[in-house]
Amino acid sequence: MNSVKKRTLASAMGTLLLYQLLLPIIIASILTLVVVSYFTANILETQQERFNDSISYSIEDFIEYSSRELDAIAFMVSDASIEDINMAMQAQWSSYDIFETFYLLDSHGMIITLTPMDQRYLGFDMSRSEYYLSVECTKDINISSPFPSLRTGEPIVYLSRCIDDKYLLVGELNLNSLQETVYANQPRLPEACVFVVDQRGTILAHPDFEHVTKKDNISNWEIVDTGLREEESTIYYWRDGNFWFSTAESIDPMGWLVITEIQFGVVFGPYIVAGLGMVFFLLLIFSVSLQRFSIAAQRQVVFPLTKLGQSSDALASGDYEKSQVLGQDTYSLLEIERLVDNFQNMRQAIISRATLLRESEKQYRRLVENSPDAILVHHNGIAVYVNNAALQLYKAENLETVIGMQVLDFIHMDSKDVASARLQRIDEAGYTIVMPMIEQKHVKFDGTVFDAEVITSSIFFEGRYEAQTIIRDISRRKDEEIRLQYQVSHDFLTNLPNRFFLEDVLERTLAKAKRAQTVGAILYLDLDGFKAINDTYGHATGDVVLKVAAKKLENALRKGDIVARLGGDEFVVLVDTISSKKDVDQIANNILHIFSDPIMIGQDEIHLSLSIGVSLFPDDGETAQILLQTADTAMYEAKREGKDRFKFYSSQMRVQTEERIAIVTYLQYALIREEFTILYQPQMNAKTGNLTGAEALLRWNHPTRGLIRPGQFIDLAEETGLILPIGEWMLKKVCEQIKQWEELVPEDFHIAINLSNLQLMQPNMVSIFEKNLSNSGINPSMLEIELMENIVFQNPREALNKLFKIKSMGIKLAIDDFGTGYSMLGYLAHFPFDHLKIDQRLAPNLPVDNKEVAIVSGVITIGQDLGLTVIAEGVETIEQVNFYKSLGIHDFQGWYFSHEITVDEMTKVLKNNFLS
């Protein structure tokens with residue numbers, strides 16, 4: 001066998017090209033073409049720039065001349081009448097054929113007059129036009145983009161000038177004039193095209209005027225885009241199937257562009273022809289060499305590579321047997337021999353990898369089929385494989401229903417845009433990529449929409465990269481999240497928003513109100529006497545009352561207002577926008593009115609009322625916490641004034657609130673420090689002159705504040721519950737004092753103490769009285785309990801039950817301040833009262849006012865008919881005494897007979913049995 005001289009492919013090819021001198025000739029030809037083209041381009045660029053300069057100067061002169069015409073009219077318009085303005089505009093328009101129309105607009109953009117006159121456009125509103133909105137009065141002359149003429153419909157641009165901030169003078173500059181200017185300066189360069197565009201890329205002048213009439217926009221042309229960014233530019237670029245050599249120059253001050261273009265082929269055509277001739281000559285030379293080169297190339301390169309290509313095709317198609325066509329041939333080129341060796345190694349590696357892939361795909365299918373999550377494999381958005389879980393999730397009838405479908409068809413419209421972008425990124429990746437997990441809405445075959453958690457990634461599937469999407473139905477989890485979110489933000493009893501929800505909405509409302517500079521309100525509501533309802537009827541009934549109250553509040557509000565329950569019997573209403581305090585007055589009065597009617601809980605009729613505090617934002621606070629505090633302060637002020645009303649917050653209330661807090665703080669230690677004392681106000685029978693009893697009155701001597709009157713602390717003691725230990729202490733002291741006076745007091749003498757609503761409703765109230773009667777050893781008839789009528793009739797059934805038990809002990813009962821509260825006479829006959837006390841407030845002007853006389857007379861008659869001893873309290877004058885005596889009343893209590901006196905003073909009175 002003959003030995004073969006082996007050499008590299010580069011060495012063999014280089015020798016052939018070198019011998020034929022092909023490479024040097026080609027390089028020389030290319031260099032020649034480049035040099036000639038370069039100088040030709042420079043010459044052409046200079047020529048085009050000169051044309052552009054000429055046209056730019058002409059257009060600038062044209063615009064400047066037009067501006068001077070407009071200035072001439074503006075000078076005459078400044079202080080002239082409309083008639084003079086019309087004459088000036090008509091004269092200027094008639095003298096020059098530049099402007100199509102002159103318009104004079106007022107400061108609101110309305111056409112005052114125009115030339116030539118056309119009645120149709122007088123009063124026409126141009127204030128909304130794009131041009132009018134872009135006018136800057138700081139400029140001497142404003143130049144618009146091209147528009148169809150308002151009057152003629154011809155393509156025009158507007159030149160305008162502001163006059164003393166009163167008028168806007170507008171001239172329609174016909175683009176035909178601009179077109180003529182361009183024609184007059186059209187370059188003599190063959191095939192060159194010159195045109196003008198505005199700063200938006202809209203054609204203003206062009207050899208083909210149709211482009212102007214159509215307002216063609218060519219801002220997407222590269223020369224226009226470059227020219228708008230640079231004052232002068234010359235570029236080559238591709239457009240409409242041709243290369244163009246283009247020069248652009250900016251025209252001041254309009255920002256327009258003059259563009260000169262010529263096709264690349266027109267300039268360089270001769271050089272291209274010359275180049276083609278040179279190439280043809282080279283081909284002749286090359287063809288001679290090619291025959292020798294091809295023989296060598298066929299033998300040393302082509303035949304081996306052809307056999308290698310056939311084997312590669314077989315290997316790619318999986319025909320591993322046919323891929324072995326390469327034998328043990330010896331090759332003269334080292335690269336070919338190395339390529340064959342590498343191919344054989346690659347073939348073995350591919351066979352091994354293919355075996356592994358087949359096993360991997362089998363394992364993948366087993367895992368996917370048994371997966372509880374729905375899995376779709378798709379190629380370019382088309383499903384090519386799905387598992388059983390996916391068929392069940394989407395309620396598909398069979399596999400064929402899903403295979404071949406667009407994956408996006410499974411996705412709801414709300415999620416399609418995001419899903420499409422993710423799929424596109426996967427399809428374009430070409431390698432393994434995992435997209436982050438997201439939540440989407442998907443659609444089943446039956447139309448059901450559900451929430452899904454989705455992970456999309458690329459995998460190697462059946463010999464290529466495919467997209468795999470794993471879908472998990474999270475509808476139950478989302479429903480649970482919504483339910484939990486609702487529970488967190490709403491009250492479980494009334495289903496109203498709770499404090500957390502309210503504070504969040506309130507903060508956002510405050511921020512919105514601050515930006516918009518609007519006013520809103522917070523109404524802080526508290527049910528009056530709700531604790532008594534709970535104590536009397538139980539918490540189950542109390543819950544029903546709260547639900548009814550919540551529903552009443554919702555019905556009382558305007559659309560958009562929010563009511564929330566803070567807890568207990570406290571509610572808050574948020575009114576986000578009001579025009580004045582009257583709006584709040586109306587809302588608050590409406591709420592009070594709705595609660596004026598009693599509600600029925602089973603067989604029981606319950607009266608509800610509200611105390612409402614109002615704070616306005618931003619005046620009363622700029623944060624949710626401060627607003628709620630100020631509204632709460634106003635609410636307590638409403639309670640202090642008698643409940644069942646509303647109060648606006650004022651700065652004075654803060655002082656009062658601080659005072660109340662201080663008193664409550666002092667009150668907590670008053671019993672421990674023995675700061676309370678008891679005074680007594682005697683009661684007497686004016687007919688016999690004998691003492692009949694006395695009323696025990698609680699007084700508080702503070703070590704630094706001195707005497708604190710009951711009106712300053714009794715209501716606070718009731719609100720805080722401190723009235724219970726204070727009341728029990730007072731009952732104990734009074735019983736002990738009665739025991740000390742037992743030998744001094746006359747027959748039928750009694751000491752009266754007042755009982756609050758909280759004391760009456762406490763569960764162990766009866767046992768407290770029993771214990772004190774037993775410990776003191778007094779005659780029960782010497783003790784009298786006074787109750788105000790609003791306490792008694794607030795919860796009549798509970799009160800009636802307890803009062804009968806007290807009465808059965810021998811204790812006397814009196815109804816105090818009769819006529820100032822509920823005055824439910826129907827109930828009065830059923831209660832076991834001994835005394836009825838008429839308060840002075842019932843008729844303060846006795847005996848002068850005849851109407852008051854009639855009222856008091858009627859009350860006395862009712863009391864006497866019911867067998868009650870009527871006592872007139874608060875008597876201060878002899879006239880009042882004589883009036884009551886005329887009606888048969890002889891039992892009195894008041895300052896006319898005696899003020900409150902100490903224990904020692906009362907002891908002296910009892911010893912003497914008369915008042916000094």
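User: Which residues does Val734 touch, not counting residues up to four places away in sequence?

Analyst: In general, contact means heavy atoms within 4.5 Å. By that rule Val734 touches Ile678, Tyr680, Ala696, Ile751, Ile753 and Leu783, residues up to four places away in sequence being left out. This is a predicted model, in which local features need pLDDT of at least 70 and side-chain atom pairs count only at pLDDT 80 or more, while totals for chains, interfaces and linings use all residues. Residues are numbered from 1 along each chain as its sequence is written, and side-chain values use heavy atoms, with hydrogens and water left out.

User: How many residues does the largest nonpolar core have, and which have the most contacts inside it?

Analyst: A nonpolar core is a set of buried Ala, Val, Leu, Ile, Met, Phe, Trp, Tyr and Cys residues joined through side-chain atoms within 4.5 Å; buried means under 20% relative accessible area, exposed over 50%, and partly exposed in between, with a 1.4 Å probe and protein chains only. Here the largest such core has 73 residues, and those with the most contacts inside it are Tyr680, Val734, Ile751, Phe769, Leu783, Ile785 and Tyr884. Its largest share, 8 residues, comes from helix 21, residues 723-741. A second, separate core has 47 residues, including Phe102, Ile141, Tyr167 and Val194.

User: Which residues of helix 14 are buried, and which are exposed?

Analyst: Helices (H or I, at least four residues) and strands (E, at least two) are DSSP runs, numbered from the N terminus. In helix 14 the buried residues are Leu502, Val505, Leu506, Thr509, Leu510 and Ala513. Seen down the helix axis, they fall within an arc of 145°, so they line one face of helix 14; the arc is that of the directions from the helix axis to the C-beta atoms. On the other side of helix 14, Phe500, Arg508, Lys512, Lys514 and Arg515 are exposed. Among the elements that cover the buried residues of helix 14 are strand 16 (519-527), strand 17 (562-567) and helix 18 (624-640).

User: How many residues does helix 14 have, and what span does it reach?

Analyst: The expected span of a helix is 1.5 Å times one less than its number of residues. Helix 14 (residues 499-516) has 18 residues and reaches 25 Å from its first C-alpha to its last, close to the 26 Å expected.

User: What caps the N-terminal end of helix 14, and which residue follows helix 14?

Analyst: A polar contact is a pair of N or O atoms within 3.5 Å; within protein, one must be able to donate a hydrogen and the other to accept it, and residues adjacent in sequence count only if both atoms are side-chain atoms. The cap is Asn498, with a side-chain oxygen 3.2 Å from the backbone nitrogen of Phe500. Helix 14 is followed by Gln517, whose phi is positive, near 55°.

User: Is Asn685 buried or exposed, and what does its side chain reach?

Analyst: Asn685, placed in strand 23 (residues 676-685), counts as buried because its relative accessibility is 14%. Its side chain reaches the backbone nitrogen of Thr688 at 3.0 Å.

User: Where does Pro618 lie, and what kind of peptide bond joins Phe617 and Pro618?

Analyst: Pro618 lies in the loop between strand 21 and helix 18, and the bond that joins Phe617 and Pro618 is cis, with omega about 15°.
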